Amino acid sequence: MVKLNKIYTRTGDDGTTGLVSGRRRPKYDPRVEAYGTVDETNAVIGLVRLHTGSMPVLDAMLMRIQNDCVDLGADLATPEDAETPGYEPLRIVDAQVTRIETDIDALNADLEPLASFVLPGGTEAAAYLHLARTVARRAERLMVELADGEGETVSPAAIRFINRLSDFFFVAARWVNDKGRADVLWIPGKNR
């Protein structure tokens with residue numbers, strides 16, 4: 001159980017932050033950028049959920065995803081090469097990836113076929129879901145870059161999770177736009 005009694009510790013005043021192992025890294029470290037961007041994704045999901053109260057099925061999916069995003073942050077904040085933290089580190093597992101795929105399939109089954117690229121917009125929920133999608137894609141790019149870094153690891157399940165997450169946001173954005181009927185479609189060359 002996590003216990004946070006004191007919010008400010010002053011340990012980051014030197015421009016570093018602590019990983020789960022206690023090891024310090026600069027706040028601009030690629031690992032910190034990756035889990036910080038996952039946290040940013042989660043914050044955008046919070047904005048989405050302000051508009052999904054009347055959609056309990058989607059809201060429940062988003063709540064599960066928010067929890068999984070904290071799991072992902074914990075996974076990224078505990079490098080596999082880190083000193084053992086005294087317990088089994090929390091890792092993203094394939095079941096979490098499968099759950100997102102199941103949710104995507106459930107929402108996608110209701111959608112009108114896609115005839116063009118979709119522009120972010122339509123309803124407020126859809127616009128925020130598109131924002132979540134783009135932030136998740138940035139998190140994915142940072143995670144893949146981190147995984148390619150010398151001496152760094154990111155689990156394949158974590159990368160699959162973040163990849164599916166942005167797909168989920170795209171499908172969910174269409175779903176809240178009257179199941180795709182209210183999508184704002186891209187018209188190539190419209191303003192030439």
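1. The crossing of helices α2 and α5 is left-handed; a crossing has this hand if the near helix is turned anticlockwise from the far one by less than a right angle, and is right-handed if clockwise. The contact is made by Leu58, Met61, Leu62, Ile65, Asp68, Cys69, Leu72 and Asp75 of α2 and by Ala158, Phe161, Ile162, Leu165, Phe168, Phe169, Ala172, Trp175 and Val176 of α5. Contact here means heavy atoms within 4.5 Å.

2. The model is predicted: local features need pLDDT of at least 70, side-chain atom pairs count only at pLDDT 80 or more, and totals for chains, interfaces and linings use all residues. Residues are numbered from 1 along each chain as its sequence is written, and side-chain values use heavy atoms, with hydrogens and water left out.

3. Two packed helices are described by the angle between their axes and the distance between the axes. For α2 and α5 the angle is about 155 degrees and the axes are 12 Å apart. Axes are lines fitted to C-alpha atoms, for helices over the stretch in contact, and angles run from 0 to 180 degrees between N-to-C directions.

4. The protein chain contains 5 helices and 4 strands. Both are DSSP runs numbered from the N terminus, with helices (H or I) of at least four residues and strands (E) of at least two. From the N terminus on, the order of the elements is β-β-α-α-α-β-α-α-β. The C-alpha trace spans about 50 × 40 × 30 Å along its principal axes.

5. Of the 192 residues in the protein chain, 40% are buried; buried means under 20% relative accessible area, exposed over 50%, and partly exposed in between (1.4 Å probe, protein chains only). Among contacts with a separation of 6 or more, 71% join residues 24 or more positions apart.

6. Helix α1 (residues 30-49) also meets α2: their axes come within 9 Å and cross at roughly 165 degrees. Helices α1 and α2 are therefore roughly antiparallel to each other, and α1 passes α2 in a left-handed crossing. Residues of α1 in this contact include Ala34, Tyr35 and Val38, and those of α2 include Leu62, Met63 and Ile65.

7. The axes of α2 and α3 come within 11 Å and cross at roughly 155 degrees. This makes α2 roughly antiparallel to α3. The contact involves Leu58, Met61, Arg64, Asp68 and Asp71 of α2, together with Gln96, Arg99, Asp103, Ala106 and Leu107 of α3. Helix α2 passes α3 in a left-handed crossing.

8. Helix α3 (residues 94-108) has 15 residues and reaches 21 Å from its first C-alpha to its last, close to the 21 Å expected at 1.5 Å a residue. The expected span is 1.5 Å times one less than the number of residues.

9. Which residues of α3 are buried? They are Gln96, Val97, Ile100, Asp103, Ile104 and Leu107. These residues cover an arc of only 120 degrees around the axis, which puts them on the same side of α3; the arc is that of the directions from the helix axis to the C-beta atoms. The buried residues of α3 pack against α2 (56-76) and α5 (156-176). The face turned away from the buried side carries the exposed residues Ala95 and Asp105.

10. Thr102 lies in helix α3 and counts as partly exposed because its relative accessibility is 46%. Thr102 and Phe168 are 66 residues apart in sequence and 9.8 Å apart in space, C-alpha to C-alpha.

Note on methods. Angles under 35 degrees count as roughly parallel, over 145 as roughly antiparallel, 65 to 115 as roughly perpendicular and the rest as oblique.
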